[in-house]
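Reader: Could you take me through this protein chain, please? I would like to begin with the overall picture and then look at some helices.

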Amino acid sequence: MLRFALLLLVASTTVVAQVTTTAIDGLRDKRHRFRAYVNCTAVPEPGVRIDNAVIIVRNDRIVSIGAKAPIPAGADVRDLKGAWVYAGFVDPYVDVAALAGGKSEAPTPPWASEEDEGPGTPPAKGARHWNQAIHPEHRTSLQLQITADAAKSFAKLGITAAAAGAHDGIFQGTSAAVLLRAGTAATTVIEDNVYHGLSFLKGTSKTPYPSSQMGSIALIRQAFSDADWYGRAKAAVARNPKLPVVETNVAHEALRAALDAKKTFVAHTQDEHDILRWQLIAKEFPFEIAYRGTGSEYRRLAMVATTKPTIILPLQLPEVPDVSDISSAHRVGLEELIHWYWAADNARLLDSAGCRIAFTTDGLKDRSTYLSAIRTFIERGLPRERALAAMTTHAASIAGIADRCGKIAGGYVANLVITDGELFDEKTAIRSVVVAGDEHMLAPKPDVDIRGNWTVAAVAGKTLRARISGEEEQPSAEFTSDSIALGSTLNVDNGRISFTIRVDTLGMKGVARGTAVLDSILMQATVVLPDGSTTSVVFRRDSALAGEQPAKPAVAGARRGLPNWLPLGPYGRSAMPAQESVLLRNATVWTCASDGVLQNADVLIQGGKIAGVGKGLGGASTTIDATGMHVTPGIIDEHSHIAIARGVNEGTHAVTTEVRIGDVLDPDDVNIYRQLSGGVTGTHLLHGSANPMGGQLQMIKMRWGSDAEGLKCREAAPTVKFALGENVKQSNWGDRFTVRYPQTRMGVEQIMRDAFRAAVEYDRDMKAAATDPSKMPVRRDLQLDALVEIVNSIRKIHCHSYVQSEILMLMRLCEEFGFRVHNFTHILEGYKVASEMAKHGATASSFADWWAYKMEVYDAIPENPAIMHEQGVTVGVNSDDAEMARRLNQESAKSVKYGNVTEADAMKFPTINAAKQMVLSDRTGSLEVGKDADVVLWTGNPLSNMSRVQSTWVEGRRQFDRDEDALMRQRDAELRRFLEQEAMQSIGKGAAKAPAAKRVPREYHCEDIDDQVAGTGN
């Protein structure tokens, strides 16, 4: 006992209430709380249980916890009567606006604004970042205010602490760990500057840039690079005061300090692919990262689990897709049905894959579903102790308070959740919550349980029977006389019962009213009869609810297992196809090389390469009789906008060479599979045409089922999108777009010349600084990095173009700086300057017969590709359209019809010529030994619109096969039928329905400029 008293004395002197510097006006508060919670089952941390626990709390801290521990003298004993006690729950991702009882300001995308803003507006205030979406210097504690209503709303859920941050902008600043009680930051913050918030969404920022996700990523990379440079530049000036003064910028300072301190960044994601995008950024700079997830991570579980990340999971579960109306059910996609059925498995799958998970109320439409959602996760297989960890220890660790919250242990903050049963049992309710020692009663358990069978004597001269059942704290009663039910009500409040009984069948017309003091055995009630007279009635308890067993939880039927398809939707594959050893025998072979078209020839595929082309070949594991069929190289589309996420144009600045299509690939785009069915094996993904000097492009191989990085064709030359004409001078954008330079074709030339000159100077300065450490470090500029690659002929220009004058202008401008335009795409007036293009060394991709859709294409003619081909230009055909890309063979055939190009040469347009445009002709584009086995098997002449693709191989893997396609369609239809029936059963049981509005994936075109990163980014 002496040892315990000494321990208590130490605890009381070392663990004290908050120390304040606030001036005291009036009497000092000397109140002390000293409490012992007894007669309970405690779960001090996940996986640990203490029966007959005693929890000692002094002021705001836990002193000790133990089984049947002695109660120190002077403690206020709180008998919990068999209740369960858990550590207070922690929400690691709360919007500070929610704590103040408000909502964040709704953003206005720049395209929807009535203001005619330029790229640099509004100007920065103070020594801040020029872009309003970048504010890492922001501290949540400077604006934190927790209202009583907000604190109460979290307390009802058992959430006693949280990491709160401003969920607005790209760099959102630091969060603060707070106790969820009413007050200011001074009285609620227990750890400041916990983690930094990141997002691809710019939120309420009024700065037009960025408007796309690739713009956000470029801005993020530039900000991290600037923070590094800022520190080095400041250090250089400190060593040598004669160096130029470095601007003061609080954003750079804060971000550099965070990196130096190895702070964790929590990144908001909008889909499962964002995790990989953030991982690549964190690896480049580098920094520790965790994620606010989406609940759809199961769709790419293997990719997500590669690094076993920390993921904060939202609890919003999807409503049942409404497939009850057959006229609208088709609007519900298979992916939507899959997500409804398997979304609740996400937590279990992530946990089993080794990811550390925590739960947040962020995004919940109704916070009261917090605990029910977690119980659903447990029903789907998430172990209870892992679910509890996600609410306590894991969440506290993310919030930076694992040494103070998330457990019931000596020295920890006295945050407790008191329940009437095991937490995750369906009927368990939270009775009270303790926040820093202050207890808040939510649903106090009544002192007396009156449920049972009672004899009531006498009412209107009759002895009645009463059966009191229902919930302990809110029971209901049924009064009967000679087995005849009487209409009645019963309420329990503040230690008393009140009731009414309709007594018409007892000889009195009307309702009798009564009240009595609660007792478990005998109650003396005062009853007022309908005639106004008062009588005394005795309630005598005969028995508990004899023979009644608690309801057993419904046993769920066997659930269907999650398909292991990639992507998880139509045509998904359970595994990447193996590289085949296959012989295509006795076909018409279009080599698209010096051998021309071979009749009755063979093509041998082995190890992902073409191993032979000729007659009489053998040595393959599989032989396909291709008699009457045709074999060609895979088609390459030089100009496409498929498989790009959240914006194809960064249309806010005239020069955006810093943005990269490769940062925003969407490997789940079904157009990849559809285009494989058209013989496409490689696609060049282009930035749009909103800027004279646009973004960096990405060549991909059609590896259906891989992740975003797996799509990339890294052997292709780096490329960049330039554009000329009406789009870049915003001539068709409306009256609100008259500020951004350039507004004329002359201005386009000048901004390009200015950029090239800046790149030359930048390259010179970088090289000089690298050889002289005493010089000021040169700030890395991602935009100029790309321009230097262009000027040095490393990065190849693919230019959107139509009009001959501008085509000539760009060729001459590039020659002025000593390099060449690599490719002109669209180029509908190429026939006018074909000889000049051939002399310059430019290639051309064109449409066959698109014209008259705007003024600058009125001179287009169908003979255009043929004329350029005759003049020695390497000509290809491009789609700029997800649907046309499946018919590039037919687009090539139009040059046979209109321009008398030979069939063999026309087939080269989308194959070897396109490969040359991508600087890939040594690897693909023709059927030659040693090249990648990018091969298409056609049912007939590939230039005929009557021919179909039978099979498409990409690097020797059969990525499309018409027979397999038929089987996958049957498989997908069967799964859809099953899910629709499951949805119908749920709807029949009263489940909430989601509107039947199919979310069609966005298909981009060159001129799409709507903002994708303001607000929700949808």
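This is a predicted model: local features need pLDDT of at least 70, side-chain atom pairs count only at pLDDT 80 or more; totals for chains, interfaces and linings use all residues.

Reader: How many helices and strands does the protein chain have?

Author: The protein chain contains 24 helices and 48 strands. Its C-alpha trace spans about 115 × 75 × 55 Å along the principal axes.

Reader: And what share of the residues counts as buried?

Author: Of the 1018 residues in the protein chain, 56% count as buried. As for contacts between residues at least 6 apart in sequence, 69% of them join residues at least 24 apart.

Reader: Now for helix pairs. At what angle do H16 and H18 cross?

Author: Helix H16 (residues 745–771) and helix H18 (residues 804–816) cross at roughly 20°, and their axes come within 11 Å. Angles under 35 degrees count as roughly parallel, so H16 and H18 are roughly parallel to each other. Their crossing is right-handed.

Reader: Which residues make that contact?

Author: From H16 the contact uses Arg745, Glu749, Met752, Arg753, Phe756 and Arg757, while H18 supplies Glu806, Met809, Leu810, Leu813 and Glu816. Five of the residues in this contact of H16 with H18 are nonpolar, none is polar and six are charged.

Reader: What about H9 and H24: how do their axes cross?

Author: The axes of helix H9 (residues 334–342) and helix H24 (residues 962–988) cross at roughly 55° and come within 10 Å. H9 and H24 are therefore oblique to each other. The crossing of H9 past H24 is left-handed.

Reader: Which residues of H9 and H24 meet there?

Author: On the H9 side they are Leu334, Leu337, Ile338, Trp340, Tyr341 and Trp342; they meet residues of H24 including Asp972, Leu975, Arg976, Phe978 and Leu979. The contact of H9 with H24 divides into ten nonpolar residues, one polar and four charged.

Reader: Changing topic, how far does H21 reach?

Author: Helix H21 (residues 888–899) has twelve residues and reaches 16 Å from its first C-alpha to its last, close to the 16 Å expected at 1.5 Å a residue.

Reader: Which of its residues are buried, and what do they pack against?

Author: The buried residues of H21 are Leu888, Asn889, Glu891, Ser892, Ala893, Ser895 and Gly899. These buried residues pack against strand S36 (635–640), helix H20 (864–870), strand S44 (875–877), helix H22 (903–908) and strand S45 (935–938).

Reader: What comes just after H21?

Author: Just after H21 there is Asn900, which takes a positive phi of about 55°.

Notes. Residues are numbered from 1 along each chain as its sequence is written. Side-chain values use heavy atoms; hydrogens and water are left out. Axes are lines fitted to C-alpha atoms, for helices over the stretch in contact, and angles run from 0 to 180 degrees between N-to-C directions. Helices (H or I, at least four residues) and strands (E, at least two) are DSSP runs, numbered from the N terminus. Angles under 35 degrees count as roughly parallel, over 145 as roughly antiparallel, 65 to 115 as roughly perpendicular and the rest as oblique. A crossing is left-handed if the near helix is turned anticlockwise from the far one by less than a right angle, and right-handed if clockwise. Contact means heavy atoms within 4.5 Å. Ala, Val, Leu, Ile, Met, Phe, Trp, Tyr, Cys and Pro count as nonpolar, Asp, Glu, Lys and Arg as charged, and the others, Gly among them, as polar. The expected span of a helix is 1.5 Å times one less than its number of residues. Buried means under 20% relative accessible area, exposed over 50%, partly exposed in between (1.4 Å probe, protein chains only).
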